[in-house]
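Here is a quick tour for someone meeting this protein for the first time. Have a look at the model below, then read on.

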Amino acid sequence: MSSVARPEHAPARLSPRTIALYAVGSLGTGGYATLPGLVLTYFLTDNLGVAALVAGVIVTAAKVWDVVIDPLIGAASDRQYARTGSRRGLMVVGALTLPLFFALTFAVPPSWGPTAGATCVLLAFLATATSFSLFQVPYVALPAELTRGYDERTRLLGWRVVVLTAAILLFGAGGPELRRAGSDPVAGYLLMGVVAGVAIGIGMLIASRTADAAPPAGAEAPREDLAATGFRAPYTAGLQTLRRSQPFRALLGTFLLQALATGTMLAAAQYVATWVLRSEAAVTLVFLSLVGPALAATPVWTAIARRIGKERAFAVASGLFTVAAATLVIAAWLPGGWMYGSIAMAGIAYAGLQSLPMAMLPDVISHDEQRSGAGHAGTFTGVWTAGETIGFALGATAVSLTLAATGYISAVAGTTAQQPDEALTGIVLSFSILPAVLMLASLLTLRRYRLRRSDIEA
């Protein structure tokens, strides 16, 4: 009986332990990306009495800070990797410091007043963002060094997204439940911040072991010439990376637009629950509708990617999300339970939007290594994380600007404001048409991504 010959230099299969350790890191990624995006703007406007426009500025400022520091952290991670052969050190620092800063972000009481409250939230969230970047930038760099296999990266990132999706469900649904478990809104937000911060930190700390769990499969030796220092050097290296890698430009542009689209929906979700579905607690059902289908769909997207290619599967997921988001505009005239069906369809697409680009990024890094040499993964992921961060930041900003433009009325904890019809329309548009248009635009940039399996396995 004949059999298919295995390629002479076929990449080794990743161990279940390595995959599990790496996947646990998404507990931190999912918690940090979900909970602040879901409740921070709402915490500022409807608990501290901060104006919607100012709340948007605060969230955006913290994310812009991420954009500034991520290339620096990427360069530092590359230098650490060149010296020690591991990226773990920065990841551990981030994991140990984030819980405190995350809890402090939601520890500000309304009695301090909007100005002092907004200032304290900004400072605490800036510190939280720094801790998260110390972990996230090297974390995203690891897949390119753990395996050289095109399909193995899809497998590794697929399991990561399964945990990520579960984390989004855990924090998106469980966070608001913890908030309501407090004796009052102030205690509730503090409880949420403490418990969520500790859970995020534990996930990050466990995942940091991945850096030492297995030697990079087939990776070249770290380069010692990455020790260039100076404030400008990391940004120069990031710009050089963008200039020389056309696939990276296309993938980053696509992912940035999609982060903006999903960030907009995430920031608008609590407002939709409170003012469109008329129940603050409905945000839990929104997340169940979004994340439940995504949990089941992640392995399906992995199988589709194996069959038709990652880039084609990515385009299919993007198109499905566009349609699902666009249908939600009907809620401006006819809100109701039918919305959960459209949200579930968006959840199926969301699983692909998370797993596929993250599996494509190591391919881009590997393709660049074939031309420019190894050791630049941290530079790539520093730029990538900055782009992802600014996408999510501008999503919250877009919602805040829409609320401000349509006359949204802020309130402090324990009081209720009556919103004008224009504000309700603005909330629906932020949750439907705006994300759909952004996702449609991302399909145009995705068309410029021309990297295929043959380019990676050459």
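A salt bridge here is a side-chain nitrogen of Lys or Arg within 4 Å of a carboxyl oxygen of Asp or Glu. Keep in mind that this is a predicted model. With that rule in hand, the structure holds 4 salt bridges.

| Asp78 | Arg87 | 3.0 Å |

Let's take them in turn. In the salt bridge between Asp78 and Arg87, the closest N and O atoms are 3.0 Å apart, and both of these residues are buried.

Glu177 and Arg180 are another story. They sit 3 residues apart in helix H5, so about one helical turn separates them.

Next, the empty spaces inside. Rolling a probe the size of a water molecule over the atoms shows where empty space is left. How many cavities of 30 Å³ or more are there? The count comes to 5.

The largest cavity has a volume of about 340 Å³. Its lining is made up of 23 residues, and those nearest the centre are Ile168, Thr262, Leu266, Tyr350 and Phe392. Which elements give two or more residues to this lining? They are helix H1 (16–46), helix H5 (150–181), helix H9 (246–276), helix H10 (282–308), helix H12 (339–372) and helix H13 (377–405). Sorted by class, the lining of the largest cavity has 15 nonpolar, 6 polar and 2 charged residues.

The second largest cavity comes in at about 260 Å³. Here 21 residues do the lining, with Tyr32, Ala33, Lys63, Thr389 and Phe392 nearest the centre. Two or more residues of this lining come from each of H1, helix H2 (52–84), helix H4 (114–146), H9 and H13. By class, the lining of the second largest cavity divides into 12 nonpolar, 6 polar and 3 charged residues.

Now for the outside. Leu190, Leu191, Val194, Val195, Val198, Ile202 and Ile206 form a nonpolar patch on the surface, and together they have about 500 Å² of accessible area. Take Leu191 as an example: this residue is found in helix H6 (residues 185–207).

Arg278 is in the loop between H9 and H10, and its phi is near 60°, a positive value in a residue other than glycine. Arg278 has 52% relative accessibility, so this residue counts as exposed.

How many Å separate the C-alpha atoms of Thr210 and Ala23? The answer is 9.4 Å, although the two are 187 residues apart in sequence. Thr210 is part of helix H7 (residues 210–213) and is buried, at 0% relative accessibility.

Val437 and Ala261 are 176 residues apart along the chain, and 8.2 Å lies between their C-alpha atoms. Val437 lies in helix H15 (residues 433–446) and counts as partly exposed, with 49% relative accessibility.

Leu394 and Leu257 make one more such pair: 137 residues apart in sequence, and 9.9 Å apart from C-alpha to C-alpha. Leu394 lies in helix H13, and its 36% relative accessibility makes this residue partly exposed.

Note on methods. Residues numbered from 1 in each chain as written. Predicted model: local features only at pLDDT ≥ 70, side-chain atom pairs only at ≥ 80, totals over all residues. Heavy atoms only, no water. Patch = residues over 30% accessible without salt bridge, like charges linked within 9 Å, V, L, I, M, F, W, Y side chains within 5 Å. Areas by Shrake-Rupley, 256 points an atom, 1.4 Å probe, with all protein chains shown as cover. Helix = DSSP H or I, 4+ residues; strand = E, 2+ residues; numbered from the N terminus. 1 Å grid on protein atoms, 1.4 Å probe; cavity = no way out; pocket = protein on both sides within 12 Å on 5 of 7 lines; lining within 4 Å. Points joined across faces, edges and corners; volume = space filled by probe spheres on them. Nonpolar A, V, L, I, M, F, W, Y, C, P; charged D, E, K, R; others polar. Buried < 20%, exposed > 50% of the residue type's maximum accessible area, 1.4 Å probe, protein only.
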